[in-house]
Amino acid sequence: MTIKEVKQEEYNPYYSTYMNKVPKDYKLIEAYELGLTHVVAFFRGIPEDKLRYCYAEDKWSIKEVFQHIIDTERVFIYRCFRISRHDTTPLAGFDQNDYIKPSRSHKKTLELLIEEYQSVRNHSITFLKSLSDDDLKFIGNANGSPISARAAAFSVIGHEIHHIDILKDRYLT
């Protein structure tokens, strides 16, 4: 299954920013496996003295962005899980800013953040491999909008690409 198969009515237009970042020929599991390799290599390539850098006073640091990528994957894979199990209970949204301070990302080493990311990603891959196409196509409701399990899963990939692009453009130039 590729992103080309996901219809626009399967997700809120807000997520188009992320969905449009996913290369059209990437298969779902392949995208998760490639992301695992690329994201770890990307963050390992950042000098230690840059990890607390913020490009503006009200912006997150590089470590906080990494933690945000991890936390967002947790939330969206949970949504994917619930929806793929044909759960029609509306799922709550989350305020990403509320998650940063209690995550204490600045107290974590880069290696711990990488370990956390790898653990979450490996869990996601194993879970996604267990789903049928019909389960992935099932549409539930999250944050007041329809979303399919596969749209929730592909959002994770586009979201991390989006944030790595921002890191390259605004933090590491």
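Which residues of β1 make up the covered face, and which the uncovered one? In this predicted model, Gly140 and Ala142 form the covered face of β1, whereas Ile139 and Asn141 form the uncovered one. In a regular strand, side chains alternate between the two faces of the sheet.

- Strand β1 (residues 139–142) and strand β2 (residues 145–148) run antiparallel and are joined by 4 bridges.
- Ala142, which belongs to the covered face of β1, stands opposite Ser145 in β2.
- Asn141, which belongs to the uncovered face of β1, has Pro146 as its bridge partner in β2.
- The hairpin has 2 residues between its strands, and Asn143 is located in this loop between β1 and β2.
- Asn143 is not a glycine, yet its phi is positive, near 55°.
- Asn143 has a relative accessibility of 48% and therefore counts as partly exposed, since that class lies between the limits of 20% and 50%.

**The crossing of α3 and α4**

- The axes of α3 and α4 come within 10 Å and cross at roughly 120°.
- The crossing in which α3 passes α4 is right-handed.
- On the α3 side, the contact is made by Glu64, Gln67, His68, Asp71 and Val75; on the α4 side, it is made by Gln96, Tyr99, Ile100 and Ser103.
- By residue class, the contact of α3 with α4 comprises 3 nonpolar, 4 polar and 2 charged residues.

**The crossing of α5 and α7**

- Helix α5 (residues 110–129) and helix α7 (residues 149–171) have axes that come within 12 Å and cross at roughly 150°.
- The crossing in which α5 passes α7 is left-handed.
- Helix α5 contributes Tyr117, Arg121 and Leu128 to the contact, and helix α7 contributes Ala153, Val156, Ile157 and Glu160.
- The residues of the contact of α5 with α7 comprise 5 nonpolar and 2 charged, with no polar residue among them.

- Phe66 is part of helix α3 and has a relative accessible area of 1%, so it is classed as buried.
- Leaving out residues up to four places away in sequence, Phe66 touches Val39, Phe43, Leu110, Leu113, Ile114 and Tyr117.
- One of these residues, Tyr117, also takes part in the contact of α5 with α7.
- Phe66 and Val39 are 27 residues apart in sequence, and their C-alpha atoms are 9.3 Å apart in space.
- Ser155 is part of helix α7; it is classed as buried because its relative accessibility is 2%, which falls under the 20% limit.
- Apart from neighbours within four places in sequence, Ser155 is in contact with Tyr15, Tyr18, Met19 and Phe76.

- Asp98 is located in helix α4.
- With a relative accessible area of 53%, Asp98 is classed as exposed, because the class requires a value over 50%.
- Asp98 and Val6 are 92 residues apart along the chain, and their C-alpha atoms are separated by 30 Å.
- His86 is found in the loop between α3 (62–84) and α4 (96–103).
- Although His86 is not a glycine, it has a positive phi of about 65°.
- His86 counts as partly exposed because its relative accessibility is 40%.

**Cysteines**

- A disulfide is a covalent bond between the sulfur atoms of two cysteines.
- The count of disulfides in the model is 0, where a pair of cysteine sulfur atoms would have to lie within 2.5 Å to be included.
- Cys54 is partly exposed, with a relative accessibility of 28%.
- Cys80 is buried, with a relative accessible area of 0%.

Definitions and conventions: Residues numbered from 1 in each chain as written. Predicted model: local features only at pLDDT ≥ 70, side-chain atom pairs only at ≥ 80, totals over all residues. Heavy atoms only, no water. Axes fitted to C-alpha atoms, helices over the stretch in contact; angles between N-to-C directions. Left-handed = near helix turned anticlockwise from the far one by under 90°. Contact = heavy atoms within 4.5 Å. Nonpolar A, V, L, I, M, F, W, Y, C, P; charged D, E, K, R; others polar. Buried < 20%, exposed > 50% of the residue type's maximum accessible area, 1.4 Å probe, protein only. Pairing = 2+ DSSP bridges.
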